Amino acid sequence: MDRAAAPGHAVTSRLTRRQRRRISQGIQYAVFVAVLVLIGVLADWDRLQNQFAQKDLALRLFPEIITTALRNTVIYTMSGFLLGLVLGLVIAMMRLSSVAPYRWVASVYIELFRGLPALLIFIFVGVAVPLAFPGTEIPGGTYGKVALGLGLVAAAYMAETIRAGIQAVPKGQMEAARSLGFSHARAMVSVIIPQAFRIVIPPLTNELVLLFKDSSLVLFLGVTLQERELTKFGRDLASQTANSTPILVAGLCYLLVTVPLSFVVRRLEARADKAV
């Protein structure tokens, strides 16, 4: 039996690593094509088109889906991102502080807001804050609530990203700045933090993409027709028309923003790798 198996074993051993890799890739491509063909044969494309691709209904969504829904989504995202960036920088500095209570507060904040679902943060902002502080209103109405909700979530992630960026700056930069007469605070602001931000631009841009999608949680705060973002806009129109075409169009609007941003992230990461 061993002698009968020897020729086959000899043929296998004569295959180079490159040939084995090509065979493996060929099998993977064949499986991929087979899955696509299977989906194409089994799917009911007529029903999908009737439910998700009604051209006349899609055209009726314009220009409001751009001028109202997409505009609000961008406003919510950018306001949350800017608030999260500022708060994240503060939390990162507290995380690196030599004062122990600052480090404890920063650590608790990061673990708390990274561990909780973003939905619960939005409910907290919309319900718990007014109950905790009767008679007070968050500035900006719904826009302010969304900015606060997104900012609190984003800050926890940005803080760790910024902290890692600061620690990635060579220690010699601080020593050189101090030797020139800079105070520690001035050296951080003028030398260390600008270099850290150049390092963390790719992950911060990726965080912007995530916030753009998380802005859909605004529907749990209760919004007016003029405050609707893409997901709320699509759901409302889908309910009114008993058709899912508005949801598909809203999804395409998300892709209109997230795909270019993802491309920018990849380019920035590639540039950072070349710099290293």
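**Exercise 1.** State how exposed Arg 114 is, and find its salt-bridge partner.

*Solution.* Start with Arg 114, which counts as partly exposed because its relative accessibility is 33%; here buried means under 20% relative accessible area, exposed over 50%, and partly exposed in between, with a 1.4 Å probe and protein chains only. The model is a predicted one, in which local features need pLDDT of at least 70 and side-chain atom pairs count only at pLDDT 80 or more, while totals for chains, interfaces and linings use all residues. Residues are numbered from 1 along each chain as its sequence is written, and side-chain values use heavy atoms, with hydrogens and water left out. Next, the partner of Arg 114 is Glu 111, with 3.7 Å between the closest N and O atoms; a salt bridge is a side-chain nitrogen of Lys or Arg within 4 Å of a carboxyl oxygen of Asp or Glu. Both lie in helix H6 (residues 100–115), three residues apart, so about one helical turn separates them; helices (H or I, at least four residues) and strands (E, at least two) are DSSP runs numbered from the N terminus. Glu 111 itself is exposed, at 52%.

**Exercise 2.** Describe the salt bridge between Glu 64 and Arg 228, and place its two residues in the chain.

*Solution.* First, the N to O distance between the two side chains is 3.5 Å. The pair joins distant parts of the chain, 164 residues apart, with Glu 64 in helix H5 (residues 64–95) and Arg 228 in the loop between helix H10 (184–214) and helix H11 (230–241). Then compare accessibility: Glu 64 is partly exposed at 33%, whereas Arg 228 is buried at 5%. Finally, Glu 64 and Arg 228 belong to a network of salt bridges with Lys 232 and Asp 236.
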